[in-house]
Amino acid sequence: MDLAAFGEFLKSRRDRIRPGEVGLPESTRRRVPGLRRDEVAFLAGASVDYYNQLEQGRGAQPSEQMVAAFARALRLTEDERAHLYFLAGRPLPPRHGPSAHVHPGMLDLLERLPTTPAAVISDLHATLVQNRLAAALLGPIPRKKGVEASFVYRWFTDPEARLRYHPDEHDHQSRVFVADLRAVSARRGGDSEVRGLIRRLVSASSEFADLWAHQEVAVRRADRKRLMHPDLGAIELDCLSLLSEDGSQRLLWFTAPVGGDSAEKLKLLAVLGSQDIGTAKQSGSTLR
């Protein structure tokens, strides 16, 4: 790793970003043209001391996840992100994995939804980034790699993945996940990543194998969910999604349907989320 060049590149990128561009308050008393070091650290979920060391050409080599977090915080283009990985001495992650480059437009839209739970996920349902309300609603992003980063894989192989869903929802969610995966497989031409995920699921889950044999196919664009929150109980929400132009990523956001108590529970969720800022920052994957 070229620590000195890595630090210089980080500094050059933060100097060009205005706070308002990344959802931070503007101030007329700023001493730097762009973001401060502590602001970049906050956006990336890193400690200020560690980020300072990196800009000064010191410190430990950042993990792939940390490099991805810096790239998102600094709104790097794909070429700039690839250069940052090169300077960090880390291999460029797969396009669709948990460290995939989030489309800048998706990040911009996500930051415009501060009062509703929202997240950007890959087409294989690996959560790439989420806001604080989404973390409060769904929990922190699991630190998983490979196929285990896919929520679809965990849904069929790990009972804990279903705890946030009402038991009456499980059968419906299983069918929807499988139909959506078949649509993704067709769009991506059954590439090796998708084929590998399907093989693992067919082998590990008889439920998935039975549903896969039904040949249902449908892109998941909207759904109503009953989620189970450990403090607030059942919350009925509409889940909407916006697909990127190439279909590789989706912006999800949750809204309260008319009637019922979901709107009030979302307000309480915002309070709970503000009390859990420390957890959100430690995850390194939440946004302000």
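Me: How many residues in the lining of the largest pocket are nonpolar, polar and charged?
Reply: In this predicted model, the lining has 17 nonpolar, five polar and 10 charged residues.

Me: What makes a residue count as part of that lining?
Reply: A lining residue has an atom within 4 Å of a point of the pocket. For the largest pocket, 32 residues line it. Those nearest its centre are Thr127, Leu138, Phe151, Arg154 and Tyr165. The volume of the largest pocket is about 710 Å³.

Me: Which element gives the most to the lining of the largest pocket?
Reply: That is β3, with four residues. Elements that give two or more residues include β4 (233-243) and β5 (249-255).

Me: Why are β3 and β4 said to pair?
Reply: Pairing needs at least two bridges between two strands. β3 and β4 have eight bridges, in the antiparallel sense, and therefore count as a pair. Histidine 229 stands opposite glycine 233 in β4, and a hairpin of three residues joins β3 to β4.

Me: What makes β4 and β5 a pair?
Reply: The cut-off is at least two bridges; β4 and β5 have six, so they pair, again in the antiparallel sense. Cysteine 239 stands opposite phenylalanine 254 in β5.

Me: Which residue in the hairpin of β4 and β5 takes a positive phi?
Reply: Glycine 247 does, with a phi near 75 degrees; this hairpin has five residues between the strands.

Technical notes
Residues are numbered from 1 along each chain as its sequence is written. This is a predicted model: local features need pLDDT of at least 70, side-chain atom pairs count only at pLDDT 80 or more; totals for chains, interfaces and linings use all residues. Side-chain values use heavy atoms; hydrogens and water are left out. On a 1 Å grid over the protein atoms alone, a cavity is a set of points where a 1.4 Å probe fits but cannot get out, and a pocket is an open set with protein on both sides within 12 Å along at least five of seven lines; lining residues have an atom within 4 Å of a point. Grid points are joined across faces, edges and corners, and a volume is the space filled by probe spheres set on the points. Ala, Val, Leu, Ile, Met, Phe, Trp, Tyr, Cys and Pro count as nonpolar, Asp, Glu, Lys and Arg as charged, and the others, Gly among them, as polar.
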